[in-house]
Amino acid sequence: MAENFIPFSIPQIGQEEEKAVLNVLKSGWLTTGKIALEFEKEFAKKLNVPYALAVNSATSGLILALEACKIGPGDKVLTTPYTFISTATACLHLGADVEFADIEKDSYNICPEKIEEKLKNDSSIKAIIPVHIAGNICNMEKICAIAKKYEVYVIEDSAHAFPAKSKDGWAGTFGDVGVFSFYATKTITTAEGGMVVTSNDELAKRMTTMRLHGIDRPVWDRYTSKKASWEYDVIDAGFKFNMPDILAAIGIEQLKKADIFLEQRKKIVEKYNKEFSKYDYFILPPDSDGNAWHLYLLGLNLSKISITRNEFAQFLQDKGIGISMHFIPHYKFSIFKHRTDFNEINFPNTEEHFQRTISLPLWPGMTDEMIKIVTDNVIELGIKYGKGN
Ligand SMILES: Cc1ncc(COP(=O)(O)O)c(C=O)c1O
């Protein structure tokens, strides 16, 4: 890393996490056990849900949720083209097809009206995956009402949305299943990992079994209960999606800090917003009630700037600012080249948003000096390449 480089994201790992991991390393039990169970219990308590299942990634969590909802060959799943690829590939792994509905112009989240349009015309759609992009909660009241009308499952891709809580509740708890990510850049991290939450007994039971080889007994129970550990049944071809205790130990400590991290993120967002709102070169990110602020998506007002988004991004990168782009719309990927209807014309809001947006560094440990360097450089570029300047 170059000197003075401001990274896009740095995980906030302290002595608490270090100690917790060392304790697990010394404990004689490394894989899924009582620490993972404790992490699940604490996470469920925080979101006030009956079931939280720790998994090795949100991608695994999405596959697990879809499988429990009996999504398979011949079914379709509706989601947004503006998300990370695993939202869509989770469906493909189960033999289902993917359909997309465009995003709303303002929230960048999947548009409820477009969802209804698709469901009305296609009875093979069996589930919807709304994604709370950047931590900004989707219009879940409308989405859940539409899902109920057409009798389809709702799996919330909440990879960006912990801890996002609106007046109506926690992101991840509105639909049938919510899936969170603890990847290294996320709002809390276990390096790799995720959590699946649900209030549905049947779905919870199926996901618990399928998370670990389809074995009908949890591994911890096999080694602690009086019943012999080698006695178990396998009821289906399950996955290997469990979270080991080493990672769960990090998660427990991160969970305790989640609210503090969120406050710190909000302060950075306020500072960015205050500076960028002074100029019409920029479009500020949407801010809904309860945003988790995983990402700061800065829109460039391309009618006021004479360079492209990519040039703008490169200039910032050259200045030592670690920026990113979220996300390349799915219809641009070769994996969907057989779908001629997946193109920018059919998803105009996604395309417009993608063409003009960059993600700026946003992580709790950013100093005021770093924030100022970012804002100064962004504004300097805006002024330098502003049309008419
Ligand atoms: C919207 C979204 N969904 C799912 C995932 C997958 O998360 P994981 O890396 O934990 O599998 C990501 C990861 O970045 C994501 O951004």
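## The sheet

In this predicted model, 7 strands form an open sheet with mixed pairing. Their order is β1-β9-β8-β5-β4-β2-β3. β1 (51-55) and β3 (97-100) stand at the edges. Each has a single partner strand, so one side of each is left without a neighbour in the sheet. On average, neighbouring strands are turned by 25° against each other, direction ignored.

Strands β4 (residues 125-129) and β5 (residues 153-157) run parallel, joined by 2 bridges. I128 has V154 in β5 as its bridge partner. Helix α5 (residues 112-121) packs on the sheet. There α5 touches β2 (76-79), β3 and β4. The direction of α5 makes about 165° with that of β4.

## Around the ligand

The shell around the ligand holds 14 residues; S57, A58, T59, F84 and S181 come nearest. Two helices, α3 (58-68) and α4 (85-93), each supply at least two residues of this shell. By class, the shell divides into 5 nonpolar, 8 polar and 1 charged.

The domain assignment gives domain 1 (15-254) and domain 2 (258-385). Their C-alpha centres lie 27 Å apart. The contact between them takes 30 residues from domain 1 and 26 residues from domain 2.

On the domain 1 side, α4 and β6 (165-166) are the elements that give two or more residues to the contact. That side has 15 nonpolar, 8 polar and 7 charged residues.

Technical notes: Residues are numbered from 1 along each chain as its sequence is written. This is a predicted model: local features need pLDDT of at least 70, side-chain atom pairs count only at pLDDT 80 or more; totals for chains, interfaces and linings use all residues. A residue is near a molecule or strand if its C-beta atom, placed from the backbone, lies within 6 Å of it. Helices (H or I, at least four residues) and strands (E, at least two) are DSSP runs, numbered from the N terminus. Ala, Val, Leu, Ile, Met, Phe, Trp, Tyr, Cys and Pro count as nonpolar, Asp, Glu, Lys and Arg as charged, and the others, Gly among them, as polar. Domain bounds come from an automatic or database domain assignment. Two residues are in contact if their C-beta atoms, placed from the backbone, lie within 7 Å. Two strands pair if DSSP finds at least two bridges between them. Axes are lines fitted to C-alpha atoms, for helices over the stretch in contact, and angles run from 0 to 180 degrees between N-to-C directions.
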